[in-house]
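This report describes a single chain, going from annotated spans to individual residues. The sequence and model are shown first.

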Amino acid sequence: MDNLLNFIPELPVAEFTEYVTDKTADTFSFLFDPIKASSQTLIDLMTSTLTAIPAVILIALVALLAFFASGKKFGLSIFSVVGLWFIYNQGLWEDLMFTLTLVLFSSLLSVLIGVPFGILMAKNKLANSIINPVLDFMQTMPAFVYLIPAVAFFGIGMVPGVLASLIFAIPPTVRFTNLGIRQVSTELVEAAESFGSTGAQRLFKVELPLAKSTIMAGINQTVMLSLSMVVIASMIGAPGLGRNVLSALQRAKIGTGFVSGLALVVLAIIIDRLTQKFSKKSAA
């Protein structure tokens, strides 16, 4: 039986993958370098803007946003104030801004790329049959693997961290956009078509508005997945709370790791609750 399995020699998959990665990095370096430079500029601008805002003002703005998003209830606002004050009190405010930049930047790119692909899947059967297996591959591949091409193409730092987070977090937005549009009543679409609306008008005035709550649920999952990549992205030089957790792990500093992890939990709860509130408002 073993001889039967050994009939075909070992396939050089690893060598082929390394060859393709190296060749791609060398061939398209003229493209990767400007992308890295421009992305780094935008990331630095976003980080410096968030850092320049006094902590007390930013905390107040988040609390105000939470108050109105939750229907003028104080629960989420109080939690936001207490949680963000705790992060500031522990001297992790600047790290929080780096983490928030990574999450916002990767989430924004995921939405800008994911929504059009989701629309394409809903409108084209061939695209749906091709993209679906790719999404399955992206969602089942271990997150650490995404660090390899990110480093190969963009080196180390925040930009490859954003790229790895983008690849890891984009599938929910694509899938939920596809699902939301497919769930729109065919009678409504046919009614809009009978009134002489174009394909673009049906998409933007009928299908996307009706699918908004589903799409927002996908965006919520994308944001949370981006946040879950923070610690992993710190392994390739991305700054922020994840780097503190990684450093605490390497040095066996339980207290430091716990505080940084707790700060990540606070940020995750605030972002999750806010996106859920906006999702419910879209459904209303």
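Which residues in H4 are buried? Ala55, Leu58, Ile59, Val62, Ala63, Ala66, Phe67 and Ala69 are buried in H4, where buried means under 20% relative accessible area, exposed over 50%, and partly exposed in between (1.4 Å probe, protein chains only).

## Basis of the model

The model is predicted: local features need pLDDT of at least 70, side-chain atom pairs count only at pLDDT 80 or more, and totals for chains, interfaces and linings use all residues. Residues are numbered from 1 along each chain as its sequence is written, and side-chain values use heavy atoms, with hydrogens and water left out.

## Helix H4

Helices are DSSP runs (H or I, at least four residues) and strands likewise (E, at least two), numbered from the N terminus. Helix H4 covers residues 55-69, and its 15 residues should span 21 Å at 1.5 Å a residue; the end C-alpha atoms are 21 Å apart, which agrees. The expected span is 1.5 Å times one less than the number of residues. Just after H4, Gly71 takes a positive phi of about 75°.

## Annotated spans

The unreviewed UniProt entry places "domain: ABC transmembrane type-1" at residues 96-275. UniProt positions follow the numbering used here, feature names are shortened, and annotations may be inferred rather than shown by experiment. Residues 96-275 are 84% helix and 0% strand, with end C-alpha atoms 19 Å apart.

The same record gives the feature "transmembrane region" at several spans, including 97-122 and 223-242. Residues 97-122 are 100% helix, and their end C-alpha atoms lie 36 Å apart. Residues 223-242 are 60% helix and 0% strand, with end C-alpha atoms 16 Å apart.

## Nonpolar surface patch

Leu108, Leu112, Ile113, Phe117 and Leu120 form a nonpolar surface patch with about 450 Å² of accessible area together. Patch residues have over 30% relative accessible area and no salt bridge; like charges are joined within 9 Å, and nonpolar side chains (Val, Leu, Ile, Met, Phe, Trp, Tyr) within 5 Å. A salt bridge is a side-chain nitrogen of Lys or Arg within 4 Å of a carboxyl oxygen of Asp or Glu. Accessible areas come from the Shrake-Rupley method with a 1.4 Å probe; for residues, only the protein chains shown count as cover. Leu120 lies in helix H6 (residues 93-123) and is partly exposed at 38% relative accessibility.

Ile232, in helix H13 (residues 230-233), is buried with a relative accessible area of 13%. Not counting residues up to four places away in sequence, Ile232 touches Ala143, Phe144 and Leu147; contact means heavy atoms within 4.5 Å.

Ala252 is in the loop between helix H14 (241-251) and helix H15 (254-283), and is exposed at 63%. Ala252 has a positive phi of about 55° although it is not a glycine.
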